[in-house]
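Q: I am new to this structure. Could you walk me through how to read it?

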Protein chains: 2
Amino acid sequence: MTPELDAGRYAVKRVIGDTVWVGADIFKEGHDLLAARAVYKGPGDTGWSSAPLRFDFDSDRWYGSFVVDRIGLWTFTVEGWTDAFGTWRSELRKKVDANQDVHVELLEGALLVRSAARRAKSPAIRASLLQTARMFEDAESTSASARIERAFDEELLIAMNELCPPRDLTCYSRELGIYVDRPQARFASWYELFPRSQAPDGRHGTFEDTAQRLPRLAELGYDVIYLPPIHPIGRTFRKGKNNSLTPEPEDVGSPWAIGNENGGHTAIEPALGTVEDFERLVRTANEHGMEIALDYALQCAPDHPWVKEHPDWFHIRPDGTIKYAENPPKKYQDIYPINFWCDDRQNLWNACRDIILYWIARGVKTFRVDNPHTKPLAFWEWVIGEVQREHPDVIFFAEAFTRPKRMKSLGKLGFTMSYTYFTWKNSAYELQDYLEELTDSPMVEYFRGNLFANTPDILNEYLVHGGPAAFRIRLLLASTLLPLYGLYSGYELYENVPFRPGSEEYFDSEKYQIKPRDWEAPGNLNPMIELVNRIRRENGALQQYENLSFHTSENPQVLFYRKAGRVRPREWTGGRASYYAVPEEEATASIVAAGDAADLLVAVTLDPRAVQETMVHVPLADLGLTVDSAYVVHDLLTGARYTWRGSRNYVRLDPMSGQIGHVFRVEVLGAR
Amino acid sequence: MTPELDAGRYAVKRVIGDTVWVGADIFKEGHDLLAARAVYKGPGDTGWSSAPLRFDFDSDRWYGSFVVDRIGLWTFTVEGWTDAFGTWRSELRKKVDANQDVHVELLEGALLVRSAARRAKSPAIRASLLQTARMFEDAESTSASARIERAFDEELLIAMNELCPPRDLTCYSRELGIYVDRPQARFASWYELFPRSQAPDGRHGTFEDTAQRLPRLAELGYDVIYLPPIHPIGRTFRKGKNNSLTPEPEDVGSPWAIGNENGGHTAIEPALGTVEDFERLVRTANEHGMEIALDYALQCAPDHPWVKEHPDWFHIRPDGTIKYAENPPKKYQDIYPINFWCDDRQNLWNACRDIILYWIARGVKTFRVDNPHTKPLAFWEWVIGEVQREHPDVIFFAEAFTRPKRMKSLGKLGFTMSYTYFTWKNSAYELQDYLEELTDSPMVEYFRGNLFANTPDILNEYLVHGGPAAFRIRLLLASTLLPLYGLYSGYELYENVPFRPGSEEYFDSEKYQIKPRDWEAPGNLNPMIELVNRIRRENGALQQYENLSFHTSENPQVLFYRKAGRVRPREWTGGRASYYAVPEEEATASIVAAGDAADLLVAVTLDPRAVQETMVHVPLADLGLTVDSAYVVHDLLTGARYTWRGSRNYVRLDPMSGQIGHVFRVEVLGAR
């Protein structure tokens with residue numbers, strides 16, 4: 001059965017409004033006709049709904065679909081049975097056509113019809129069925145031709161399909177889950193900012209200062225504004241600027257060292273404002289069509305209230321001290337990891353859950369989860385389940401930069417989306433290989449990558465050395481390869497000074513100090529950000545996840561890919577991907593594409609320094625074009641239109657003049 | 001986990017002596033070191049054995065292996081745990097190297113060592129561990145350097161690996177099955193003959209006549225002699241020659257219409273001989289290194305004793321008659337299908353099982369099962385399990401020519417091997433596509449194809465129209481593509497007259513009449529059969545299943561493929577095949593190759609009529625050859641040797657002169 005993840009251990013992911021395609025191998029011995037259906041149950045449903053499955057001969061497999069129209073956990077499975085009446089009718093047809101005597105066959109039919117009559121609720125239908133049965137049995141007073149005519153009566157067929165007991169009724173051995181998210185789980189533009197840096201004059205910024213920036217951020221097309229932790233910051237072993245162990249008294253510390261005398265994970269750093277200020281910020285964002293995402297970082301500064309109240313929630317060493325974080329020989333004495341398996345874990349886990357519920361009550365619907373791979377997988381599965389049972393529209397974004405299997409597992413167990421290895425993929429080969437893994441493997445069922453181009457922890461050397469053109473290139477890649485992408489503030493200003501050569505840390509990192517900027521400094525990247533975000537909103541192809549395909553560029557310095565306007569539904573089974581074998585009009589109806597469903601072709605240079613020329617190979621057949629068709633490619637970045645012909649076409653990109661790529665909308669001349 | 005079939009619902013298949021490779025994703029949160037092992041249990045074992053798993057960084061996955069050295073059903077699963085002592089030791093190393101104080105770390109180590117001491121059975125080891133723990137705790141009288149030296153003591157490590165309680169011990173949620181067969185389940189040459197046709201003088205042949213042929217059949221290299229049903233043949237509606245409905249009194253009928261007044265499935269047709277004659281035939285075959293396979297055809301002629309004794313085991317129609325077989329509008333009134341779901345099914349199924357046990361008691365170990373896809377899958381799973389529990393070396397060969405999913409399912413539920421679509425695959429594209437599905441897909445875990453070149457039911461038009469060259473071509477393909485292949489007698493005489501044009505039935509089919517032949521008629525195919533069977537026995541590459549790969553032949557009329565001498569173990573997971581990431585010497589050790597492990601390259605023309613020339617592309621890298629190496633290809637069919645160089649080499653095949661292919665053994669000049 002598809003879609004099924006790890007033998008049903010985890011739910012697959014979909015977004016509200018999606019058509020869920022179901023595939024199943026259904027067979028029995030012999031020559032009987034079979035029938036089958038998917039049965040499914042949405043959140044809160046008490047009974048099952050059903051959708052018929054139909055047999056496809058070529059793939060020797062059954063297919064059907066249903067639409068998931070509510071957010072939350074759905075359940076589905078498949079039932080198959082012998083179509084006893086259909087089998088009887090089909091064999092009777094052949095015998096009648098061969099002029100064979102069907103006296104006994106009609107008696108057999110009478111048995112079927114009587115068994116259906118017993119299940120009829122309508123007295124009229126029951127009477128009609130009984131009359132049919134008597135007719136089949138009555139060779140004396142009814143002619144063979146009349147009885148045969150009745151056997152093939154359409155109304156009889158309808159009544160029998162409804163009422164004939166499903167012989168051999170067999171249900172798939174597992175009920176499978178589908179977690180249905182709101183649309184922002186698959187399509188959103190993220191922006192990360194430190195509220196304390198938002199004051200225009202260099203003082204400690206507040207939520208009020210942050211709110212001042214929202215109108216412009218909305219104009220730029222962002223959907224989610226993500227804030228690093230907003231809680232009181234520990235004082236013991238507080239880090240100074242540039243992660244120094246010897247801070248100055250005025251140093252503000254890392255927001256991830258959570259907790260001091262003013263409170264812990266449910267408190268707000270007083271310098272940022274009050275809870276009411278925060279709630280106002282959330283409302284303002286919502287009014288601008290955006291939302292605020294909070295950081296959920298389960299660790300404590302030594303001054304966190306929990307350390308005093310619940311020292312047993314931490315790792316206590318044989319000398320009675322609490323174990324601080326370390327990655328030997330490195331020590332992080334400003335951070336105490338939580339002992340999730342402590343004896344009092346039930347209260348601890350509840351307290352961790354209650355942090356989320358507290359912020360949900362203040363309007364937050366999205367949580368960026370700090371380092372989930374250092375906390376138990378079982379905890380995440382539990383806490384996400386707990387929260388989403390009451391608040392199914394809450395989104396969890398895993399900040400896990402770790403080994404592949406752990407990242408995948410976090411996606412499977414419930415994280416809505418995840419950071420990726422994108423920042424470290426800079427060559428055409430690396431990008432294609434990795435993006436194909438994300439969008440063209442069984443991962444599509446459970447792992448949604450969010451392509452952050454930078455983070456406070458990751459300033460990739462490509463940006464360090466590539467200058468503004470590199471920032472443009474990575475922005476275009478992030479915003480067009482996948483529907484989820486993000487920028488950490490400073491990106492628009494091309495900030496690219498590392499802490500030291502070879503480091504991915506920023507110099508004067510905002511993690512340890514207030515960092516005011518002139519967000520609209522001359523030459524900034526905002527015009528391009530605003531443009532790509534608008535193109536994303538206007539083009540359904542950029543809002544889909546599985547519609548990415550790479551095509552030949554003869555120069556490996558230029559990456560060439562297609563974002564398809566329409567996605568044919570695929571299933572992953574038996575070792576490979578295949579298309580659901582369903583009529584094209586049905587498959588097409590399953591496409592959810594806000595805006596337009598045009599095909600996009602994207603060419604991006606990966607060289608931020610020199611002009612690159614290439615011939616790209618347009619996948620003509622996929623676009624419905626013939627070998628010699630002429631067609632127009634309309635660059636949505638510049639507005640320029642080019643007439644192309646055939647597959648092989650010329651592209652020239654000059655990063656120095658700002659032209660680092662094309663986002664071509666394919667405008668076919670004439671009908672497809 | 002691999003190998004796993006349908007979430008553990010079915011066992012995978014192996015052959016005795018195979019190394020079973022196991023792969024697993026094992027991970028937890030954080031930075032602790034892990035350890036893992038496969039645990040497994042052979043047939044009859046009361047306890048578990050174990051084999052360590054090792055982590056491969058590149059694939060982020062754990063691997064290990066064990067050897068299955070007994071026939072029958074094995075069980076295995078995987079366990080992982082936190083290597084608490086290893087983690088402690090590794091972190092201590094880093095801190096010591098960084099000159100950090102490790103006083104508290106040693107106290108933590110003492111706790112680990114004390115917990116191990118509690119599990120020590122040897123008083124000496126327990127005392128030693130306790131002394132170590134006291135030393136770690138005693139900062140007063142022991143120097144730091146002495147304590148640290150003890151921490152890294154090798155004997156301590158060995159004792160701790162043995163005794164340290166496995167923290168977080170976690171077992172995979174399912175126990176998986178491996179069915180281990182005897183070698184003939186994967187490598188055998190089959191020959192089908194009708195005993196009644198074996199008399200040299202045209203009278204009704206006997207087991208004694210059949211026994212006369214065995215020495216020559218052994219000489220020809222056959223391993224299994226398969227007999228169509230040997231039971232009394234029904235008289236009611238008996239079919240005459242060429243399936244006629246109007247038989248002559250002397251017509252012998254179809255052996256598949258089983259049962260008359262002389263008995264049913266446990267009786268022998270008197271004209272063939274007695275049970276003692278049959279047992280003697282089995283023994284004679286065994287003495288010649290061959291075995292006799294019987295047909296297991298679960299259907300009855302109207303004269304079968306069961307029809308009188310157990311009419312309720314059949315389908316009774318509303319008019320009281322027993323339903324005969326039909327495929328509307330065709331009627332098979334000489335055959336009654338069994339009603340496997342009748343009320344008395346427990347006795348019926350037991351009776352069906354007892355037929356098999358009866359013949360096992362008379363020396364039969366292999367059953368060719370007639371049309372299993374027309375009987376319930378549940379019955380097969382039950383009866384194969386019942387028989388193999390007592391007789392694990394019994395082989396079941398599914399004669400299912402049906403839809404792909406049903407054929408696969410029969411393999412999964414327990415059939416040792418299966419007929420295939422091979423007879424209908426005659427072009428290079430069809431052969432490559434189908435053989436790749438058989439040998440390069442998850443099917444390798446459960447489905448073993450046996451390539452019969454013809455059967456009493458299937459005379460393919462390729463043989464009808466292609467003459468002797470076609471028979472040579474299909475023989476070479478069948479015997480070299482897969483290790484299991486078979487011929488139905490008459491093949492060696494190029495019998496190719498169909499019942500009528502376009503029919504796959506033979507004219508004067510042996511199914512309905514005695515058909516004596518001169519088996520050594522001039523020009524017969526036996527010399528080639530003897531040769532290919534000898535080549536198969538002498539070359540390990542032809543005894544393996546998954547070692548087939550196709551390579552370019554520039555002329556599609558010539559098929560070019562490699563049977564590799566060594567097979568790198570592969571696993572099927574996450575949507576694709578990958579190699580088990582294990583050291584090459586370990587992987588190589590897992591190769592079971594009787595005879596020689598040389599690589600073979602096979603070129604076969606598919607055109608039985610005209611000379612075909614082609615350039616074939618030798619996979620040099622796979623053979624360990626460099627682009628400009630010279631190497632010798634030794635044609636095992638003719639003895640000719642050619643020196644080839646580089647990848648692209650010339651092949652010319654002339655079917656009219658009998659040269660329809662080459663089986664080249666690659667003999668490399670110099671070391672690999």
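Q: Where is Pro329(A) found?
A: First, a caution: this is a predicted model. Pro329(A) lies in the loop between strand 13 (325-327) and strand 14 (330-332) of chain A.

Q: Is the peptide bond from Pro328(A) to Pro329(A) cis or trans?
A: Start with the general idea. Most peptide bonds are trans. The bond from Pro328(A) to Pro329(A) is cis, with omega near 5°. Another cis bond runs from Thr2(A) to Pro3(A), with omega near -10°. Pro3(A) sits in the segment before strand 1 (12-15) of chain A.

Q: Is phi of Tyr494(A) positive or negative?
A: Most residues other than glycine have a negative phi. Tyr494(A) has a positive one, near 60°. Look for Tyr494(A) in the loop between strand 20 (484-488) and helix 14 (526-538) of chain A.

Q: What rotation superposes chain B on chain A?
A: Two copies of a chain are related by a rotation about an axis and a shift along it. Here the rotation is 180° and the shift along the axis is 0.1 Å. The RMSD is 0.1 Å. That is the relation of a two-fold axis. The same surface serves both copies, as 100% of the contact residues of chain B recur in chain A.

Q: How many residues does the contact take from chain B and from chain A?
A: Chain B gives 47 residues and chain A gives 47 residues. The area buried between the two chains is about 4100 Å². Carbon and sulfur atoms give 54% of that area. Glu29(B), Arg403(B) and Lys405(B) lose the most area to chain A. Together they make up 16% of what that side buries.

Q: How many salt bridges are there between chain B and chain A?
A: The count is 10 salt bridges. One of them joins Glu108(B) to Arg317(A). Their closest N and O atoms are 2.9 Å apart.

Q: Which helices of chain B each supply at least two residues of the side that touches chain A?
A: They are helix 1 (84-97), helix 2 (103-117) and helix 11 (404-413). Helix 2 of chain B supplies the largest share, 5 residues. By class, the side of chain B that touches chain A has 16 nonpolar, 10 polar and 21 charged residues.

Q: How many aromatic pairs does the structure hold?
A: Over all chains, 84. To read one, check the ring centres and the angle between the planes. For Trp349(A) and Trp382(A), the centres are 5.6 Å apart and the planes are at 55°, so the pair is tilted. This pair links distant parts of the chain. Trp349(A) is in helix 9 (residues 345-361) of chain A, and Trp382(A) is in helix 10 (residues 377-390) of chain A. The two are 33 residues apart.

Methods:
Residues are numbered from 1 along each chain as its sequence is written. Chains are lettered from A and ligands numbered from 1 in the order in which they are written. This is a predicted model: local features need pLDDT of at least 70, side-chain atom pairs count only at pLDDT 80 or more; totals for chains, interfaces and linings use all residues. Side-chain values use heavy atoms; hydrogens and water are left out. Copies are superposed by least squares on the C-alpha atoms of residues with pLDDT of at least 70 in both. Contact means heavy atoms within 4.5 Å. Buried area is the accessible area (1.4 Å probe) that two parts lose on being put together, summed over both. A salt bridge is a side-chain nitrogen of Lys or Arg within 4 Å of a carboxyl oxygen of Asp or Glu. Helices (H or I, at least four residues) and strands (E, at least two) are DSSP runs, numbered from the N terminus. Ala, Val, Leu, Ile, Met, Phe, Trp, Tyr, Cys and Pro count as nonpolar, Asp, Glu, Lys and Arg as charged, and the others, Gly among them, as polar. Rings of Phe, Tyr and Trp (its six-membered ring) pair if their centres lie within 6.5 Å; planes under 30 degrees apart count as stacked, over 60 as edge-to-face and the rest as tilted.
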